[in-house]
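Hi,

Here is the structure we talked about, handed over for your ligand work. My notes on it follow below.

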Amino acid sequence: MPVDTTNNDRVVITHSNSSAEVYYYGATLTSWKPHGQERIFLSEKAILNGSKAIRGGIPLVFPHFGTIPTSKLPQHGFARNSRWEWLGVAVDNASETTVQFGLKPDVVPENLRSLWPHEFKLVYSVTLAANTLKTTLEIQNTGTESWEFTSLLHTYFKVQEIATVGVVGLTGASFLDKVAGGTHQEDRDRVTVASEVDRVYQGGSAPLTIQGTGVGSGVVLHKENFPDVVVWNPWVDKAKAMGDFGDEEYHHMICVEVGSVSKPVTLGPGETWQGSQTLVGV
Ligand code: BG6
């Protein structure tokens, strides 16, 4: 069965000898196994019962990244804290299987919804092919007034040991350093992690490679219409401070998150925006 919907909390997709799993809560993808090998990190302490955003996988960030002074919404918005609707199987053929999830205001918890009272429709498409995972977020303004958003695919990659990991493709990009402060320019060809890292890289459309993950040569990440890339690893102290993350798990993950976050997007009535990432297991 290429798409298994028998669980009431998640959908399991299989295609060739690859699989993926997506929870309705947050439409959070929690597993991607091209050729049977897990590439996505999910914390052993992740809460999967819909009472908290899932720690790991690909949480979806909307309508804003982080916290902003003009909004009382919690960090990263409400998309990751809402149970999305199952829209069904859009494509299922020899080359790919695509499933879709939807989010509208009426399924957002009321306490969050009231903090961002705009009309919208989101459609999240997850496409599984042999060694490829494509995730596409479509955002539509279904109301009569313009609004602004920032958005991001908060992907947690599973790695064997963070000390051997490098992210290639960010050379020359300017970045906001959320740990040390200030804006700088990346001069390394291979971005490595040896302490807490929380950076928002701006611009660029080149593919990125996450190397040294411990499986194959890594993952190649292509992005469309997501100009920014956040690189995050909580390291020792932040790991200990998170209740849903093991103290030593920072060794085994790196977040490389494509987004449209440094400059808000304005959507007029009836307008639609779309961004996607394609991950290739190499
Ligand atoms: C990253 C942010 O995208 O998400 C970090 O840049 C943040 O600042 C991290 O700490 C995790 O956020 P949260 O809300 O899931 O703990």
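How far is an oxygen atom of the ligand from an N or O atom in the side chain of glutamine 75? The distance is 3.0 Å, which falls under polar contacts (pairs of N or O atoms within 3.5 Å). Arginine 80 has a side-chain N or O atom 2.8 Å from a ligand oxygen, and for glutamate 257 that distance is 2.6 Å. The protein covers 85% of the 390 Å² of accessible area that the ligand has on its own (Shrake-Rupley, 1.4 Å probe).

Before you go on: this is a predicted model, with local features needing pLDDT of at least 70 and side-chain atom pairs pLDDT 80 or more, while totals for chains, interfaces and linings use all residues. Numbering starts from 1 along each chain as its sequence is written, and side-chain values use heavy atoms, with hydrogens and water left out.

The shell around the ligand (residues with a heavy atom within 4 Å) includes Arg55, Phe65, His76, His154, Lys178, Asp198, Val230 and Trp232. By class, that shell has 5 charged, 3 polar and 3 nonpolar residues; Asp, Glu, Lys and Arg count as charged, Val, Phe and Trp are among the nonpolar ones, and Gly goes with the polar ones.

As for the fold, the protein chain has 21 strands and 2 helices (DSSP runs: E of at least two residues, H or I of at least four). Its radius of gyration is 18 Å, close to the 19 Å from the globule rule for 282 residues, so the chain is as compact as a globular protein of that length (C-alpha atoms; 2.2 Å times the number of residues to the power 0.38). The C-alpha trace spans about 45 × 45 × 35 Å along its principal axes.

Cheers

Methods:
A polar contact is a pair of N or O atoms within 3.5 Å; within protein, one must be able to donate a hydrogen and the other to accept it, and residues adjacent in sequence count only if both atoms are side-chain atoms.
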